[in-house]
Amino acid sequence: MRKPFIGGNWKMNTDGKNAVELAKGVAQGCAGVIDKVDVSVCPPFVYLSAVKQALGSSNIGLGAQNVYFEAKGAFTGEVSCQMLKDVGCKDVLIGHSERRHVIKETDALINKKLIAAIEASLLPIFCVGELLEERKAGKTEQVVKEQIQKGMAGISVEKAKAVTIAYEPVWAIGTGVNATPNQAQEVHLMIRQLIASMYNKDFAAQIRIQYGGSAKPDNAAELMTQPDIDGLLVGGASLKADDFTAIVKAAAPVKK
Ligand code: PGA
């Protein structure tokens, strides 16, 4: 049985006051369903501690949007796994499309980050997804496969149990154009079959695969009814407590 998992990726948004208010609103809004759905929010680094405090005993997880793979030292501007643990993080986004395409992170770097996060007992949300021109050229499967094979290289099945995969087609992120439930399901199924071939069928049946890209209150339920969509990674709509809570509630009844 895969428990639904909804993540809120706040990106480079909010300020200190607004981050705390948003966290409190999410904690309150999700109170009735938090036993049925795993929920995490990923604020900017500088607000992690304040958000942790605001979440209180709500059982809403705290996630970071990025991490560096080295443990400590002369890496100006970077943040280690241990630092994230220290401020109460459970999850960490790794390989988000904005980091791949804007910051130019490579699959090799993403692989090192995944390995370091798992070693530190963080739970990575490992993001993959194709660009519009790659989809148009019929390369979606090839691109996503390569990202997963390279990203998870050298990670054993035992270690891979820490990972949630987020399929986020780049053309759907922040555009208001979500992948249709069928388009998303097609890629999610392909990912699950790939995991079965890289690892084994049992693990493929267990691993959670989130969809991300313009997930909203009015499309969440339909996306979640797809057999291989186990959760959502929400950007824009995670910045309003009411919208994010509505998405979490839409996911609550869905068990796979
Ligand atoms: P979006 O972002 O919901 O605003 O499309 C999703 C994401 O980037 O994780």
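In the predicted model, a polar side-chain atom of Lys11 is placed 2.7 Å from an oxygen atom of the ligand. A distance of 2.7 Å also separates a ligand oxygen atom from an N or O atom in the side chain of His96. At Gly174 the backbone takes part, with an N or O atom lying 2.6 Å from an oxygen atom of the ligand. A polar contact is defined here as a pair of N or O atoms within 3.5 Å. The ligand is surrounded by 13 residues, the closest being Lys11, His96, Glu168, Gly174 and Ser214; a residue is counted if one of its heavy atoms lies within 4 Å of the molecule.

The model is predicted, and local features require pLDDT of at least 70, side-chain atom pairs pLDDT 80 or more, whereas totals for chains, interfaces and linings use all residues. Residues are numbered from 1 along each chain as its sequence is written, and side-chain values use heavy atoms, with hydrogens and water left out.

Helix packing was examined next. Helices are DSSP runs (H or I, at least four residues) numbered from the N terminus, and their axes are lines fitted to C-alpha atoms over the stretch in contact, with angles from 0 to 180 degrees between N-to-C directions. Helix α1 (residues 16-30) and α12 cross at roughly 35°, and their axes come within 9 Å. This crossing of α1 and α12 is right-handed, the term for a near helix turned clockwise from the far one by less than a right angle. Leu22, Gly25, Val26, Gly29 and Cys30 of α1 meet Ala241, Phe244, Thr245, Val248 and Lys249 of α12, contact meaning heavy atoms within 4.5 Å. By class, the contact of α1 with α12 comprises six nonpolar, three polar and one charged residues; Ala, Val, Leu, Ile, Met, Phe, Trp, Tyr, Cys and Pro count as nonpolar, Asp, Glu, Lys and Arg as charged, and the others, Gly among them, as polar.

Helix α1 also packs with helix α2 (residues 48-55) at an angle of about 30°, with the axes 8 Å apart. The crossing of α1 past α2 is right-handed. Ala19, Val20, Ala23, Lys24 and Ala27 of α1 meet Ala50, Val51, Ala54 and Leu55 of α2, a set that divides into eight nonpolar, no polar and one charged residues.

Helix α11 (residues 217-224) packs with helix α12 (residues 241-251) at about 20°, their axes being 8 Å apart. This makes α11 roughly parallel to α12.

Definitions and conventions
Helices (H or I, at least four residues) and strands (E, at least two) are DSSP runs, numbered from the N terminus. Angles under 35 degrees count as roughly parallel, over 145 as roughly antiparallel, 65 to 115 as roughly perpendicular and the rest as oblique. A polar contact is a pair of N or O atoms within 3.5 Å; within protein, one must be able to donate a hydrogen and the other to accept it, and residues adjacent in sequence count only if both atoms are side-chain atoms.
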